[in-house]
Amino acid sequence: MAIGVLGLTAGLALGGALLLGALGWTLQRTVDAEALRTADAVALLADEDVLPDPLPVAGGQLRVQVLDAQGRVRAASIDADRLTPMLRPDQLEPGTRQRLVVGGQRLGLAGPVRVVTVPAGGPGEPLTVVVGKSMADVRHSLDVVRTLLLVGFPLLVAGLAVVAWRVVGATLRPVEALRSGAAEITGRAGPGRLPVPEGRDEIHRLAVTLNDMLDRLESARDRQRAFVADAAHELRSPLTTMRTELEVARRLADRTDWPAVAESLLADTERLARLVDDLLLLARLDEASSRGDDPVRQTVGPVELGELLRAVAARHPSPPVELVPPTAPLWTEGEPDELRRIVVNLVENAVRHARSRVTLTVTGPHPAAVPVPSAGPVAPAGRVTPAVPVVPADPTLPAGRVSPTGRVLPDGRSRPPTGSCPTAGSCPTAG
């Protein structure tokens, strides 16, 4: 603000100086034009040798003299001195037009006097017409304008400064309100919205955009908190199981079947490792989504479903998990790791709820389906479980992303119900 006022002051001062200069130059040109016009008229009379005495002059502020080659006054106006020339001999240059400023004492006038000379007469008798006009009126006019500028410019600058202060203050008041609102939101570290000004201008649009951004950030923060809580719960389950098994084994002491304990702990460790791997995968997918990449489509390729089921069945003892290998290779298109995780989650759900066995089969050929029959209460024998595709709640997330254990995650991931299976174009069956 201060820099703007200083710049305005400098600009007005420069403008005032230019105004004074232009006004002085214009007034002086006016005086010169009037004096030269009078001198040319007298020179014309001298050339015709009809000089009257006294010389006729329009106006009472002009002094006219006609000088000969020796500098003597040959004719003069009624108010001009007939004995003393207006110019000294060293100032006069016969035969040339001159413009000079001399003191008014020599002419009997107040202030400086503008003097012009015009040659006249013939070669045998050269004459010089000298016309003088007082510059007192010009100086007075310039003094008046200068005084007005010196008095008016400070008042003008002060008035403009006040107006600019009010205008800038009114313009920045919504910005200050936005800053205060942002500081309040930051201070309480909670949800909030910035005040939106009533005017439909750039500040209004900025406030609306910032509020939309805050809403998205708050939504993302809520999803992140819920996801972290759910992931912590998922990780706590195998850890709690491992701790319980170790405490029981320590209590039983010599009666503990340590090979069985080691086998159980190894299975829980593998499950925990899968959870960590899935969490890392989700983090990479989120990072790729924030950059606009599509990592799922980049790794899509043919997958042989029979080999996929063999790899999943090898992770579980038989019984309860039984694999019915397909009679011929059955292929589908998909992301291998995502398909493996989906099938693993489904099989683990089936194992947890099965009473006797879990049978893995592949049907086809177009499209191929992977039924997961489960002899348990979730899907009684002879009945079909409705198909529930794995579709995220948020349509902007890639389809097929599930939690490490198939649970519904608050950040938009979902899982199929126990006993169902997402496939490349068919519904799962259970029996």
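A salt bridge is counted when a side-chain nitrogen of Lys or Arg lies within 4 Å of a carboxyl oxygen of Asp or Glu. By that criterion, Glu 218, Arg 221, Asp 222 and Arg 225 are linked in a network of salt bridges.

The model is predicted; local features need pLDDT of at least 70 and side-chain atom pairs count only at pLDDT 80 or more, while totals for chains, interfaces and linings use all residues. Residues are numbered from 1 along each chain as its sequence is written, and side-chain values use heavy atoms, with hydrogens and water left out.

## Overall description

Helices (H or I, at least four residues) and strands (E, at least two) are DSSP runs, numbered from the N terminus. The protein chain has seven helices and nine strands. A residue is called buried under 20% relative accessible area, exposed over 50%, and partly exposed in between (1.4 Å probe, protein chains only). Of the 431 residues in the protein chain, 36% are buried.

Accessible areas come from the Shrake-Rupley method with a 1.4 Å probe, and for residues only the protein chains shown count as cover. The protein chain has an accessible surface of about 25,000 Å², and carbon and sulfur atoms account for 61% of that surface. Contact means heavy atoms within 4.5 Å. Taking contacts between residues at least 6 apart in sequence, 58% join residues at least 24 apart.

## Salt bridges

The whole structure contains 17 salt bridges.

| Pair | N to O distance | Accessibility of one partner |
|---|---|---|
| Arg 99 and Asp 32 | 3.7 Å | Asp 32, 3% |
| Asp 40 and Arg 97 | 3.0 Å | Asp 40, 34% |
| Asp 90 and Arg 88 | 3.4 Å | Asp 90, 61% |

Asp 32 counts as buried because its relative accessibility is 3%.

Asp 40 and Arg 97 also meet through their side chains. Asp 40 belongs to helix α1 and Arg 97 to the loop between β2 (73-76) and β3, 57 residues apart. Asp 40 is partly exposed at 34%, whereas Arg 97 is exposed at 52%.

In the remaining listed pair, Asp 90 is exposed at 61% relative accessibility, and Arg 88 is partly exposed at 39%.

## Strand β5 and its partners

Strand β5 covers residues 126-134, and eight of its nine residues are buried, so the strand is largely enclosed by the rest of the structure. Two strands pair if DSSP finds at least two bridges between them. Strand β1 (residues 62-67) pairs with β5 in the antiparallel sense over six bridges, and Leu 62 stands opposite Lys 133 in β5. Strand β4 (residues 113-121) is also antiparallel to β5, over nine bridges. Val 115 has Gly 132 of β5 as its bridge partner, and a hairpin of four residues joins β4 to β5.

Which residues are in contact with Lys 133, leaving aside its neighbours within four places in sequence? They are Val 31, Glu 34, Gln 61, Leu 62, Val 113 and Arg 114. Lys 133 itself is in strand β5 and is buried, with a relative accessible area of 9%.

## Nonpolar cores and a surface patch

A nonpolar core is a set of buried Ala, Val, Leu, Ile, Met, Phe, Trp, Tyr and Cys residues joined through side-chain atoms within 4.5 Å. In soluble globular proteins, nonpolar side chains tend to be buried together. The largest core here has 17 residues, and those with the most contacts inside it are Val 42, Leu 55, Val 64, Val 66, Ala 120, Val 129 and Val 131. Elements giving two or more residues to this core are α1 (2-47), β1, β4 and β5; α1 gives the most, with six residues. A second, separate core of 15 residues includes Val 303, Leu 309, Val 344 and Leu 360.

Among the residues that Val 131 touches, beyond those up to four places away in sequence, are Ala 35, Ala 39, Val 64 and Met 86.

Patches are made of residues with over 30% relative accessible area and no salt bridge, with like charges joined within 9 Å and nonpolar side chains (Val, Leu, Ile, Met, Phe, Trp, Tyr) within 5 Å. Leu 8, Leu 156 and Leu 160 make a nonpolar surface patch of about 210 Å². Leu 156 is in helix α2 (residues 136-188) and is partly exposed, at 38% relative accessibility.
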